[in-house]
Amino acid sequence: MKILVAEHAGFCFGVERAVGIVEDTANKKSNVITLGPIIHNPQLVNKLKEKGVLPLENIDEVKDVHTVIIRSHGITKDNYELLKNKGVEIIDATCPFVIKAHNSAMKLSKEGYSVIVFGDKNHPEVKGIVSYVEGEYFLVSNSEEAKNLPFRKKYGLVAQTTQNSQSFEEVVSVVQDKCDELKVINTICNATTHRQEAAKEVAKQVDMMIVIGGKNSGNTRRLFEICSELCKNTVHIETKDELSEKMFENIEKVGITAGASTPDYLIKDVINYLEEVKNERERKENR
Ligand code: F3S
């Protein structure tokens with residue numbers, strides 16, 4: 001059995017940076033909290049809890065003794081103000097590419113464009129982006145929804161950083177017919193595009209594809225969708241414990257990729273497990 005690991009699998013620059021900031025802060029301070037889990041990976045969030053870093057879901061629970069770390073996909077403008085007014089120490093781990101999306105949305109609205117944000121409506125990053133719009137905005141999660149947009153003189157379009165580039169292009173082509181002037185600021189980050197392209201490259205060559213990452217991670221779920229189109233036998237797992245030897249019967253080539261919020265050690269666990277399956281199979285064949 002051949003094991004192929006896609007390039008760019010796992011932590012992106014922004015997540016690595018945010019997790020590093022949390023670990024550093026936890027080593028120096030007590031009462032450290034994150035607003036929501038620092039990343040969409042339950043295993044890593046549990047490890048950080050053991051170090052005393054608690055994810056609080058509700059901003060009302062934040063007390064002045066807390067050091068608050070803002071996670072890589074950022075928070076809304078209002079919540080930022082609320083934290084400042086509470087007088088807590090704020091450590092901002094928002095990814096610079098997400099800040100670019102905030103600034104782009106704000107700039108477009110200031111220039112008089114009706115802003116369209118392409119993304120998952122309920123994702124905290126998207127809530128953050130729209131909070132910087134200073135006028136009218138619309139949220140669309142696919143080109144079908146874009147078809148229902150009203151006609152406007154000037155539309156400005158931005159995207160959630162982890163969206164699929166091809167779907168973004170589809171939205172662009174629909175919106176072109178919905179206005180006299182369209183200004184597109186492509187805020188999809190390269191890490192996402194590179195990861196998706198590398199995953200496709202592997203998925204089309206293998207009999208089985210394994211996508212590792214939190215079930216609550218939007219970018220991991222998108223990787224799963226993309227790989228499923230090219231390899232019907234694609235599975236989405238969080239840890240190696242969801243795999244069994246039986247799943248690899250008749251599999252000659254297996255591919256691996258992982259979402260932006262999947263720690264390296266979870267990827268290595270899966271690779272090691274597959275190596276064991278492979279070695280066991282070879283032992284049986286040589287008997
Ligand atoms: Fe930042 Fe891109 Fe990662 S926006 S958090 S580097 S996926």
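**Close-up views of a predicted model**

**View 1. Pairing of strands S10 and S11.** In this predicted model, S10 (residues 208-212) pairs with S11 in the parallel sense, over 4 bridges. Valine 211 stands opposite histidine 236, a residue of S11.

**View 2. The open sheet that contains S10 and S11.** The sheet is built from 4 strands in the order S1-S12-S10-S11, with parallel pairing. Strand S1 (2-5) and strand S11 (234-237) each have a single partner strand and stand at the edges, so one side of each is left without a neighbour in the sheet. On average, neighbouring strands of the sheet are turned by 20 degrees against each other, direction ignored. Helix H8 packs on this sheet and touches S1, S10, S11 and strand S12 (253-258). The direction of H8 makes about 170 degrees with that of S12.

**View 3. Helix H1 and its two faces.** Helix H1 covers residues 13-28, 16 residues in total. From its first C-alpha to its last it reaches 23 Å, close to the 22 Å expected at 1.5 Å a residue. The buried residues of H1 are Gly14, Val15, Ala18, Val19 and Val22. These residues lie on the same side of H1, because they cover an arc of only 125 degrees around the axis. In an α-helix with 3.6 residues a turn, residues three or four places apart point the same way. Gly20, Asp24, Asn27 and Lys28 are exposed, on the face of H1 turned away from its buried side. The cover over the buried residues of H1 includes strand S2 (32-35), helix H2 (42-50), strand S4 (67-70) and helix H4 (96-110).

**View 4. Three cysteines listed in UniProt under "binding site".** The unreviewed UniProt entry lists Cys12, Cys95 and Cys189 for this feature. The three span 178 residues in sequence, yet no two of their C-alpha atoms are more than 10.4 Å apart, so they gather at one spot.

**View 5. Surroundings of cysteine 95.** Cysteine 95 lies in the loop between strand S5 (89-92) and H4. It counts as buried because it has 23 C-beta neighbours inside 10 Å, the cut-off being 20 or more. Not counting residues up to four places away in sequence, cysteine 95 touches Gly14, Ser72 and His73.

**View 6. Surroundings of cysteine 189.** Cysteine 189 is in the loop between strand S9 (179-184) and helix H8 (190-203). With 24 C-beta neighbours inside 10 Å, cysteine 189 counts as buried. Leaving aside neighbours within four places in sequence, cysteine 189 is in contact with Phe97 and Thr161.

Key
Residues numbered from 1 in each chain as written. Predicted model: local features only at pLDDT ≥ 70, side-chain atom pairs only at ≥ 80, totals over all residues. Expected span 1.5 Å × (residues − 1). Buried ≥ 20, exposed ≤ 12 C-beta atoms within 10 Å, placed from the backbone. Arc of directions from axis to C-beta. Contact = placed C-beta atoms within 7 Å. UniProt positions renumbered as here; feature names shortened; annotations may be inferred. Pairing = 2+ DSSP bridges. Axes fitted to C-alpha atoms, helices over the stretch in contact; angles between N-to-C directions.
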